[in-house]
Amino acid sequence: MPRMNILNKNEQEMFDTPPVFNSGERKQFFGLPSFLLETASHLQKPESQMAFLLSCGYFKAAKKFFRPQDYHERDIEYVARQIGLPSEKYVAEAYAPRSRRRHEKLILDFYCYRRFDKDAGNFINNEIISMICAQLKPKMIFYRCVDVLIREHIQLPGYNQLSDLILTALNQRKKELAGIIDKELGRQAQTLLDSLFEQEGEDKYARYKLTLLKKLSQSTKPTKIKERSDDLAYIAELYNSVSPVLPVLNLGHEGIRYFATSVIKSDIFHLARRSDEDRYVHVTAFIAHQYYRLQDNLVDTLLTTVNSFLSGSKRDHKDWCFEQRKSQTGSLRVLIAGLDENIFGVLRQIRGITKDSETDDTVKLAQICSLLDTHNDNIPATEQQWHILAQDLENEAGDGRYYDILEQRSVRLQNRVSPIIRALNFDGEPNTAAIFEAIAYFKDKDSIIGKKAPLGFLEPEHSAAITRDGGFRPSLYKAFFFMHVAAAIKSGQLNLQHSYKYRPLDEYLIDKQRWKDEKEILLGRAGLSEFSDPKPVLDRLDKALYQQYEQTNRRIDDRQNTYLRIGTGGDFTVETPKQEDRAAEILRPYFPEQHFVPLPEILSTVNTHTDFLEEFQHWQQRYVKGRTANKVLYAGIVGLGCAIGIPKMGRISPQINETSLQHAVNWYFSLDNIRAANDRIVALMDKMELPNIYRHHPGKLHTASDGQKFEVKTDSLNANYSFKYFGKGQGISANTFIDERNLLWHSLVFSAAERESAYVIDGLMYNDVIKSDIHSTDTHGYSEAIFAATHLLGFSYAPRIKNLKKQVLYIFKSHRKSNYPDWAIRPDKYINRDIIEECWDDILRLIVTIKLKETTASDIFRRLNSYSKQHRLYQALKAFGQIIKSDFILRYIDDVELRQTIEKQLNKVELANRFTRAVAVGNPREFTQGDKEEQEIAEACNRLIKNAIICWNYLYLSQKLVRMKEPEQKERLLSAIASHSVISWAHTNMLGEYDFSDNKLKDSVGIVLPKIAT
């Protein structure tokens, strides 16, 4: 079998040869301290002096040593000029190996590094083993090893030495897994696993059991839910048979995902050809993966169904209330007419009789009696109308009718949720005994509920409604029961042991014992050692916040804040003036006008300069066969990114084989690969000079993110109903991250019902190319907990907050109201410092977990947000975030330039969102994928196309600037670029080409004119 290359030839060469410097970098890295220059001056031979200083500069830049024969000529000339020697004196062959080793020792000692010796090899080998267990790809392991060695101040070895360690460890891990399977997996378990490779039924075309378990339905139809519940029972049996071997395999969640995804992507015949041990490893992981996913899938279905049930019930109750009011209006008119005629009319006549002074009292009494007798028959009807109206009003004021609606709609809910409750096994918090009793009763009675059903989990009014008039309403009971189960899952009171999404919060954080044992080391690795003691941290923030209050109010008093208006009640409004373009030139005329540039050409051109297709690696780590042709990968990118679809793309592209395209998308289009390809393009633009024209401050990078809603036309548990955005349909939100240079550096897809705030940190933490200094979102991306997390992670968070005047401002209790009697902008509440200090250790554990990328922030905050006010950690994080939020709002009020830059950056996201729809020519407003990962892959391909077009634009404009000879022309173009966005696509042909040749105009299907009716 051919040897697997972790890096391609170009990457290997770049790693093993000295870095190529521009003039500024050459000055930076060969600007050496006097000690090294003095050390060089004491060396006898000129070639030794130059070689020593060259080694110093290269080591300073790359943390490794290179062959003297590979030193660059320009660097040799630069160093020679520095020490006053002719560059011809440098002769690589004359640099003796003994002298070289001695000089390397001096350099290592000076920079406080140590050699890559046997101990260092053992150290990095342990790191490699842990990364292999986490199932990281070899290339990622390689570069993470580089990062670890630099962090530990160890000299980097050559490519071959490091790659050999990785490949040896991979082979050893494969043998280790095979040995564990051979030793630990019992015969009965093997028989069960082998049964998955049997066909369902005797028909030779019948599908295999394994194949039937691969795809999880996203439907909420009762039959589909029942099928998944039955599948869970079957997979649970399989899981129980392999569960003893899983801890010994030590695959971890990422390892399980890797092997399971290989099974999902492979056909049955490829799997059957694997060795027994290797096949068992893969299928064992697949069973565990599907066991976790299927439980998550059923919980998602439960939550979606209950949420839909509640929305429908509230809507029906609202409609009923509306009809009631219409009916009541009619009844009220009749009642008023009856009262006016039979009550008030009679009273008016009686008053007239009594005021008649000429009539005798006896006559008056007779007249009144006659009048009452006349209207006597009408009064009971009016009284009855009054009682009916009073009863209607009483019914509307109570919840009786709402409970009736819940009961009426309950059967549809039962058909969907009952099999899920019976199939799942929950774990719970200590305070969940009542709901656990109800779940146990529900399962024991097989969903048939009687009067002895537990009521302890219900609110008193709900219990009263169920047992109204001494009876029992089982359908209403089930409705309340399902609602309480859903609420308990959301609040974290009910958890799943075997799950990716619904485990207890603590399982997403660094293990408590590990935190206790390694706290200082972990804080150091995360760069958070300065936060270890909360008291000085809070003291600094106390002082800074008070100073910001003073500054903001002083500028108001001095009338320097001309855009702030304060009302009589203390409410305020702040205006942000629009920024005018600095130039009248527009950018479009500078792009090609005579012809449209085809999208495949743009992708190919950008790939020539970035090699982004190199990131499309086969899913299986040891796959070393020939690569898929570039044109097939381009077709896959366009098919997914332009929302054309892979089958259709294969059929409308003459030079693309549909089967080859399907194979490429299946094996090469993983989310990690496409994101890495995006990073390649972004990395090139990051190094270019022209994009910096958009920077507001040279030393800071402002980024932003915002969501865009898309309808989903297929069954999807990642989608949610929203009449506001999708009418009667359901949809998702695609979140785009952009920096001020228009680089699209990350994107995410999540349910339209979820708040964007939980995902903001995912984007900030994910990317290793773009390092944000200040990040802006709209109101949906903001929460006080996110303010806390971003501050501790080292980001400045600057959202655009709606209804700023309604925001609560905070101050520390060390500053009482007497300290600020005349402030126009005053704090509303005090910071709860006690809870912050009490929970500080847990706050740090959470932040370190995110910083070291052991769990994504969205996974943590999805669980943490659900705990809400009940959780001390959530309360503490919010309290800390209130400090940062208050400081930001004060600066936002005070600094018009800050407000303008936030507006400007968010406008860039809105333009990027329009760009998204322009690229998705096949279906610009919908996603056709139902699975979350498939949606993210399609969105990442869309972003890849957008980044390629933006990169092409920068390359084209940079070349145009170089070719311009007149300074005025250059200045005009630079002014147009600076004042207009480089996100331009009018010159790009994303629709393909139409063939009007005679051959294509011929009827290819043989249409015949039908008979015409006479």
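Predicted model: local features only at pLDDT ≥ 70, side-chain atom pairs only at ≥ 80, totals over all residues.
T790 sits in helix α32, which covers residues 784-793. A search of the whole structure turns up zero disulfides, and a surface patch formed by Y994, F996 and L1001 comes to about 440 Å².

**T790 and its surroundings**

- T790 has a relative accessible area of 1%, so this residue is buried.
- Setting aside neighbours within four places in sequence, T790 is in contact with I761, L764, F795 and Y797.
- Two of those partners, I761 and L764, have numbers below the 784-793 range of helix α32, while F795 and Y797 have numbers above that range.

- K63 is not a glycine, yet its phi is positive, at about 60 degrees.
- You will find K63 in the loop that links α4 (46-62) with α5 (73-82).
- H153 is another non-glycine residue with a positive phi, here about 55 degrees.
- H153 belongs to the loop between α8 (138-151) and α9 (159-184).

**Cysteines without partners**

- A disulfide is a covalent bond between the sulfur atoms of two cysteines.
- The cut-off for calling one here is a pair of cysteine sulfur atoms within 2.5 Å, and the search of the whole structure finds zero.
- For C133, the closest cysteine sulfur is that of C145, at 13 Å, so the two are too far apart for a bond.
- C133 is buried, as its relative accessible area is 15%.
- For C951, the closest cysteine sulfur belongs to C941 and is 17 Å away, which is also too far for a bond.
- C951 is buried as well, with 0% relative accessibility.

- Which residues make the nonpolar surface patch of about 440 Å²? They are Y994, F996 and L1001.
- L1001 lies in helix α40, which spans residues 998-1001.
- Is L1001 buried or exposed? Its relative accessibility is 57%, so L1001 counts as exposed, given that exposed means over 50%.

Terms used. Residues numbered from 1 in each chain as written. Heavy atoms only, no water. Patch = residues over 30% accessible without salt bridge, like charges linked within 9 Å, V, L, I, M, F, W, Y side chains within 5 Å. Areas by Shrake-Rupley, 256 points an atom, 1.4 Å probe, with all protein chains shown as cover. Salt bridge = Lys/Arg side-chain N within 4 Å of Asp/Glu carboxyl O. Helix = DSSP H or I, 4+ residues; strand = E, 2+ residues; numbered from the N terminus. Buried < 20%, exposed > 50% of the residue type's maximum accessible area, 1.4 Å probe, protein only. Contact = heavy atoms within 4.5 Å.
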